[in-house]
Amino acid sequence: MTLTELRYIVAVAREKHFGRAAEACFVSQPTLSVAIKKLEEELDIKLFERGGAEVSVTPLGDEIVRQAQQVLEQAQAIKEIAKRGKNPLAGPLRLGIIYTIGPYLLPELVKHVIAHTPQMPLILQEHFTVKLLEMLRTGELDCAIMAEPFPDTGLAIAPLYDEPFVVAVPAAHPLAQRSAISAEELKQETMLLLGTGHCFRDQVLEVCPEFARFSSQTEGIRKSFEGSSLETIKHMVASGMGITVVPVLSVPKAPSEHVRYIAFEAPAPTRRVVLAWRRSFPRYEAIAALRNAVYACRLDGVTRLS
């Protein structure tokens with residue numbers, strides 16, 4: 001067997017489609033299919049079930065794909081060791097980040113990385129937490145910035161900061177002149193939420209659990225409305241459709257004409273933002289440099305963690 005064949009089976013397991021896997025590996029589909037068939041014959045087992053629109057991995061194939069991923073990582077580690085001998089920070093770093101952190105942290109983070117480690121450009125991927133965890137496991141990402149909690153996947157974790165939540169209300173809303181609001185007071189309001197899949201949505205529903213029943217498909221949007229991003233939801237707040245809860249780093253630096261941002265009464269709900277990476281990832285110096293770049297950012301309103 002070859003590393004190329006192992007790369008092919010990992011791609012098919014990830015894409016669940018031979019055509020898409022071939023595209024990801026920059027080869028023709030017949031080339032990929034022949035190589036996988038050859039590997040199956042060599043191992044005398046079936047790795048994939050080929051039926052219907054999607055390809056599925058057999059139980060034994062799943063074990064082999066996981067082992068193949070480890071082999072590919074170890075092979076890459078040999079190259080990384082050689083690179084580290086010349087420059088520990090040389091080469092791109094593939095960073096994943098969730099949607100509700102990216103727009104507010106990345107502008108300054110990228111600026112610091114360019115200034116201090118220009119030899120380590122960031123390849124960025126925004127996605128939901130569950131997808132980023134999968135991409136970390138399969139080696140598509142080197143590290144990811146996410147909000148806890150998430151399932152224990154054996155990743156190495158470095159805490160970055162605790163970020164409080166604030167309430168966003170229309171400028172003409174009766175609560176707009178308040179200096180602080182309790183979660184209890186939000187029960188009577190129309191709450192605007194992110195769509196399903198966002199971990200921040202789940203964190204807001206922990207603060208205001210009574211809205212969970214209104215955000216179900218059965219009751220539609222009688223009491224809560226869903227948006228695709230925090231910025232879209234802020235526009236909905238500005239237009240007077242309701243109120244929302246946002247992380248403090250998403251609050252604009254300049255005062256907004258149509259939206260007021262109000263703190264929660266103590267203790268304010270918060271989320272913990274962390275940097276996660278595979279324990280087998282060999283470039284720890286790159287992880288440390290990225291963490292230092294986050295600490296160098298201006299993060300108004302958060303509690304930095306060491």
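Cys199 is buried, at a relative accessible area of 15%, where buried means under 20% relative accessible area, exposed over 50% and partly exposed in between, with a 1.4 Å probe and protein chains only. Cys143 also counts as buried, at 0% relative accessibility. A disulfide is taken here as a pair of cysteine sulfur atoms within 2.5 Å, and by this rule the count comes to zero disulfides. For Cys143 the closest cysteine sulfur, in Cys297, is 14 Å away, which is too far for a bond.

The structure is a predicted model, in which local features need pLDDT of at least 70, side-chain atom pairs count only at pLDDT 80 or more, and totals for chains, interfaces and linings use all residues. Residues are numbered from 1 along each chain as its sequence is written, and side-chain values use heavy atoms, with hydrogens and water left out.

The protein chain holds nine helices and 13 strands; helices (H or I, at least four residues) and strands (E, at least two) are DSSP runs, numbered from the N terminus. Its C-alpha trace spans about 70 × 50 × 30 Å along the principal axes. Of the 306 residues in the protein chain, 47% are buried. The accessible surface of the chain comes to about 15,400 Å², and carbon and sulfur atoms account for 56% of that area; accessible areas come from the Shrake-Rupley method with a 1.4 Å probe, and for residues only the protein chains shown count as cover.

Contacts and charges complete this overview. With contact meaning heavy atoms within 4.5 Å, 73% of the contacts between residues at least 6 apart in sequence join residues at least 24 apart. The chain carries 34 positive and 35 negative charges, and their mean positions are 4 Å apart. In this count Lys and Arg are positive and Asp and Glu negative, while His and the chain ends are not counted; each charge is placed at NZ of Lys, CZ of Arg, CG of Asp or CD of Glu.

The interior can be described through its nonpolar cores, each a set of buried Ala, Val, Leu, Ile, Met, Phe, Trp, Tyr and Cys residues joined through side-chain atoms within 4.5 Å. The largest has 76 residues, and Leu109, Ile145 and Tyr161 touch the most other members. Strand β6 (residues 156-170) gives this core its largest share, nine residues. A second, separate core has 21 residues, including Phe18, Ala22, Val55 and Leu72. Returning to Tyr161, its contacts beyond four places in sequence include Ile101, Leu105, Leu249, Val294 and Leu299, as well as the run Arg271, Arg272 and Val273.

Pro247 is buried, with a relative accessible area of 0%. Leaving out residues up to four places away in sequence, Pro247 touches Thr100, Glu163, Pro164, Phe165, Phe200, Leu230 and Arg271. Pro247 and Leu299 are 52 residues apart in sequence, and their C-alpha atoms are 12 Å apart in space.

The C-alpha atoms of Glu148 and Arg271 are separated by 6.8 Å, although the two residues are 123 apart along the chain. Beyond four places in sequence, Glu148 is in contact with Ile157, Gln203, Arg272 and Val274.

Positive phi values are found at two residues discussed here. Phe26, not a glycine, has a phi of about 60 degrees and sits in the loop between α2 (18-25) and α3 (29-43). Phe26 is exposed, with a relative accessible area of 78%. Asp44 is not a glycine either and has a positive phi of about 60 degrees. Asp44 lies in the loop between α3 and β1 (48-50) and counts as exposed, at 68% relative accessibility.
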